[in-house]
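This report covers a core, a helix pair and a DNA contact surface. Please look at the model first.

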Protein chains: 2
Amino acid sequence: MAIKLIGRRMTSQRKLILDVIRTAKGHLDADDIYRLAREKDPHISLSTVYRNLNLLKESGLMVERHLREGHHYFELNVRPQHHHLVCIGCGKVFEFKCESTEKMKREVEEDSRFRITGIEVEMQGYCPECQENRIDE
Amino acid sequence: MAIKLIGRRMTSQRKLILDVIRTAKGHLDADDIYRLAREKDPHISLSTVYRNLNLLKESGLMVERHLREGHHYFELNVRPQHHHLVCIGCGKVFEFKCESTEKMKREVEEDSRFRITGIEVEMQGYCPECQENRIDE
DNA sequence: TCAGTAATGCAACTCATTTGCAATAACGAG
DNA sequence: CTCGTTATTGCAAATGAGTTGCATTACTGA
């Protein structure tokens, strides 16, 4: 990951936050990142975490997703594009890839005359485990 | 719209809120609904609006969507399924339909062994108007 | 090495949403 | 129709995620 942001300085806190994000796989919210960062530097403040997340978001290195009610998750903005599958039962977030979204994008672009810059597909459902645990319905 | 919720009472405020939602087309957030409702009943309170929105959400009559940062939109849970196109420039939300999502659902269902109950597709981009207003890039 | 200023920590502040509580009113039983 | 139960309301206070002002610290380019 290139971490040379023009006009920005590389502080120990920023380095730590980037490290946490890079190391941890999956989806983290601001508080997860704060907690993990504090294990290494107990003096880091929550506002520093937020400020850095915003910076990373603006610079395009990370993407913010609102996958669950009241939870903003951050993830590295890595190609290739992938989408999300959220289990209603346990809240776990899975990722999947899908070729047909590009086709869909072009269709919608043509119909709407929008210039489309992003697609997000989110599916909800029950993961295999949670299907078993539900007798009801 | 069937408004017979077991164990619930039909108050004038609830009726008004349902009416506002039914009448206004498009996507409303809690504050929009509050504002519109107050035009008819200036004494209605914001917490009543929130409480009723939660009720409607739980009962499945409405769906809550997080289309923009910090904005929760509500809409009637009407079939047929449709998806959202958000303009990054002006914030307007458009809807579109798409046949290929069903196919996508089946594909993912097979691969993941999830039981999928919902799909949401959201695209971001610039609407025709906002494309013109942007010289940059 | 040093000055300029980006970044930090802290505490105080937003702003959307929720909650406790006392007062009100819907509606089913009688 | 009347009454009592209790769902619902309005208000004000509380919550909680995220932001901001400010004085201090510490990168970094000259």
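Leaving aside neighbours within four places in sequence, A:Met123 is in contact with A:Leu85, B:Lys105, B:Val108, B:Ile116, B:Gly118 and B:Ile119 (contact: C-beta atoms, placed from the backbone, within 7 Å). The model is predicted: local features need pLDDT of at least 70, side-chain atom pairs count only at pLDDT 80 or more, and totals for chains, interfaces and linings use all residues. Residues are numbered from 1 along each chain as its sequence is written, while chains are lettered from A and ligands numbered from 1 in the order in which they are written.

A:Met123 is also among the residues that touch the most other members of the largest nonpolar core, which has 18 residues. Such a core is a set of buried Ala, Val, Leu, Ile, Met, Phe, Trp, Tyr and Cys residues joined through C-beta atoms within 7 Å; buried means that 20 or more other C-beta atoms lie within 10 Å of a residue's own, with C-beta atoms placed from the backbone.

Helix 1 and helix 2 (residues 30-40) of chain A pack at about 115°, with axes 9 Å apart. Axes are lines fitted to C-alpha atoms over the stretch in contact, and angles run from 0 to 180 degrees between N-to-C directions. Helices are DSSP runs (H or I, at least four residues), numbered from the N terminus.

| Helix of chain A | Residues in the contact |
|---|---|
| Helix 1 | A:Leu16, A:Ile17, A:Val20, A:Ile21 |
| Helix 2 | A:Ile33, A:Leu36, A:Ala37, A:Lys40 |

Around DNA strand C there are 25 residues (near: C-beta atom, placed from the backbone, within 6 Å). The closest are A:Arg8, A:Gln13, A:Thr48, B:Arg9 and B:Ser47. Helix 3 of chain B gives the most to this surface, five residues.

Technical notes
Helices (H or I, at least four residues) and strands (E, at least two) are DSSP runs, numbered from the N terminus. A residue is buried if 20 or more other C-beta atoms lie within 10 Å of its own, exposed if 12 or fewer, and partly exposed in between; C-beta atoms are placed from the backbone. Two residues are in contact if their C-beta atoms, placed from the backbone, lie within 7 Å.
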